[in-house]
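Please keep the sequence and the structure open while you read.

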Amino acid sequence: MTSAAHEPQDRALVVLGAGVMGVGITTLALAHGVPVTLVDTAEGVLPVARGRIREGLRMAQMMGALPKDVTTGELTEVTAPAEVDWAAGPAAVIEAITEDAELKAKVLAEVAPAVTPGTPLISNTSSIPIDELAGAIGRPEDLLGTHFMNPSYLIPTVELIRGPRTGEAALRATRELLDRLRRKVIVVNDAPGFVTSRVLHPMINDAARVVEEGTASVEDVDALMRGCLGHPTGPLRTADLIGIDNLVDSLWVLYRRTGDEGCRPCELLLSKVRDGHHGRKSGRGFYTYERAM
Amino acid sequence: MGTSTENASVEQQLLSFLEERTKTPWTPDRDLFADGGLSSLFAMELVVHLESTYDIMVAGPDLQLMNFRTVNAMVAMVDRLRQAAGE
């Protein structure tokens with residue numbers, strides 16, 4: 001597949017991985033008129049993702065997060081990175097696969113040679129230090145991290161991680177992209193869990209531990225954190241939104257890199273992962289849901 | 001307009017659904033999303049629930065949070081959309 005380079009505003013965002021975060025980022029971009037090429041190699045994932053993106057756009061509309069002055073972007077789905085129209089010069093590539101440093105490095109190494117130098121290569125991660133991935137590509141100056149929250153299209157702020165080898169050009173181009181997506185950007189330095197996960201994930205772990213120890217019910221923990229401390233959803237419903245499997249992966253990343261015992265996933269979280277109760281996306285986590293979303 | 005019996009039935013079903021989901025009793029006119037209430041993310045579950053339970057499609061200008069703020073508002077919308085579908 002070849003085509004002439006597009007005007008900057010028409011350049012697609014390539015999103016690698018059509019899981020919860022890939023779908024959320026895709027929805028956000030489409031809602032703001034940015035075309036997206038969504039890549040997932042697993043069989044049957046893209047049709048499910050298409051439905052979730054449709055639901056996400058409806059949700060964005062309902063919550064007033066769908067810009068009225070923008071035509072929704074076009075979605076292209078491909079099942080392998082080799083099928084992406086790399087010659088068109090994407091605005092950026094966002095890798096949003098499983099929270100596994102080795103897998104992320106492998107995927108980034110696979111696509112980097114096809115991407116025009118100077119195009120931001122973005123790893124969306126909740127906790128993996130960006131510089132751990134920089135060795136996988138020949139151009140560490142093009143690599144940086146984002147930590148979008150879930151749902152990405154409803155949460156207006158994005159944590160942008162600048163690795164020690166990230167270049168100014170990649171940082172600038174990514175900020176421009178996020179400006180177009182009307183996100184408020186906070187740039188932070190590289191570290192396990194950066195800011196939000198480093199602070200939030202041990203707290204959620206403790207909230208689960210409180211339930212595990214019988215101090216309070218799931219509902220009461222969240223009600224207290226909402227009513228007394230102004231937490232918008234409560235930590236355990238937040239865990240369901242993050243995905244309890246992803247949360248546990250992230251806690252292990254933090255624990256292994258910091259040695260902080262507060263980051264060692266508690267038994268209740270581990271049992272939910274074993275039982276397949278991964279949260280909102282599986283229809284059940286700390287709460288049950290009308291339909292997996 | 002649907003009959004008052006039909007609307008009362010929808011109202012009761014929605015109150016039961018909400019109580020089961022939230023472990024909290026609700027009244028027809030209480031704002032679900034006001035302080036101390038539900039997360040606004042729950043609204044999309046309400047959309048899915050209404051569509052699948054009452055065989056309606058919530059779209060366009062109907063797809064806004066104010067139509068899901070109270071059980072009364074949802075009953076009125078379900079009634080209107082069912083009537084429109086039957087025309």
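The cover over the buried residues of helix 8 of chain A includes helix 6 (196-212), helix 7 (218-227) and helix 9 (244-258) of chain A. Helix 8 spans residues 235-242 of chain A and is mostly covered, with 8 of its 8 residues buried. Buried means that 20 or more other C-beta atoms lie within 10 Å of the residue's own; exposed means 12 or fewer, partly exposed is in between, and C-beta atoms are placed from the backbone. This is a predicted model: local features need pLDDT of at least 70, side-chain atom pairs count only at pLDDT 80 or more, and totals for chains, interfaces and linings use all residues. Residues are numbered from 1 along each chain as its sequence is written, while chains are lettered from A and ligands numbered from 1 in the order in which they are written.

- The buried residues of helix 8 of chain A are Pro235(A), Leu236(A), Arg237(A), Thr238(A), Ala239(A), Asp240(A), Leu241(A) and Ile242(A).
- Helices (H or I, at least four residues) and strands (E, at least two) are DSSP runs, numbered from the N terminus.
- Helix 6 and helix 8 of chain A cross at roughly 115°, and their axes come within 9 Å.
- Axes are lines fitted to C-alpha atoms, for helices over the stretch in contact; angles run from 0 to 180 degrees between N-to-C directions.
- Met203(A), Ile204(A), Ala207(A) and Ala208(A) of helix 6 of chain A meet Pro235(A), Leu236(A), Thr238(A) and Ala239(A) of helix 8 of chain A in this contact.
- Two residues are in contact if their C-beta atoms, placed from the backbone, lie within 7 Å.
- By class, the contact of helix 6 with helix 8 of chain A has 7 nonpolar, 1 polar and no charged residues.
- Ala, Val, Leu, Ile, Met, Phe, Trp, Tyr, Cys and Pro count as nonpolar, Asp, Glu, Lys and Arg as charged, and the others, Gly among them, as polar.

**Helix 9 and helix 10 of chain A**

- Helix 9 of chain A packs against helix 10 (residues 267-274) of chain A at an angle of about 130°, with the axes 9 Å apart.
- Helix 9 and helix 10 of chain A are therefore oblique to each other.
- Angles under 35 degrees count as roughly parallel, over 145 as roughly antiparallel, 65 to 115 as roughly perpendicular and the rest as oblique.
- Ile244(A), Asp245(A), Leu247(A) and Val248(A) of helix 9 of chain A make the contact with Leu269(A), Leu270(A), Lys272(A) and Val273(A) of helix 10 of chain A.
- That contact of helix 9 with helix 10 of chain A has 6 nonpolar, no polar and 2 charged residues.

**UniProt annotations on chain A**

- UniProt positions are given in the numbering used here, feature names are shortened, and annotations may be inferred rather than shown by experiment.
- An unreviewed UniProt entry lists "domain: 3-hydroxyacyl-CoA dehydrogenase C-terminal" at residues 193-289 of chain A.
- Residues 193-289 of chain A are 60% helix and 0% strand, with the end C-alpha atoms 28 Å apart.
- The "transmembrane region" feature, from an unreviewed UniProt entry, is placed at residues 12-31 of chain A.
- Residues 12-31 of chain A are 60% helix and 20% strand, with the end C-alpha atoms 13 Å apart.
- For "binding site", UniProt (unreviewed entry) lists residues including Gly19(A), Asp40(A), Glu99(A), Lys104(A) and Lys281(A).

- Gly19(A) sits in the loop between strand 1 (13-16) and helix 1 (20-31) of chain A.
- Gly19(A) counts as buried because it has 20 C-beta neighbours inside 10 Å.
- Glu99(A) lies in the loop between strand 4 (92-95) and helix 3 (101-111) of chain A.
- Glu99(A) counts as buried because it has 24 C-beta neighbours inside 10 Å.
- Leaving aside neighbours within four places in sequence, contacts of Glu99(A) include Ser126(A), Ile128(A), Asn246(A) and Val253(A).

- In chain B, helix 1 (residues 4-22) and helix 3 (residues 71-86) pack at an angle of about 130°, with their axes 9 Å apart.
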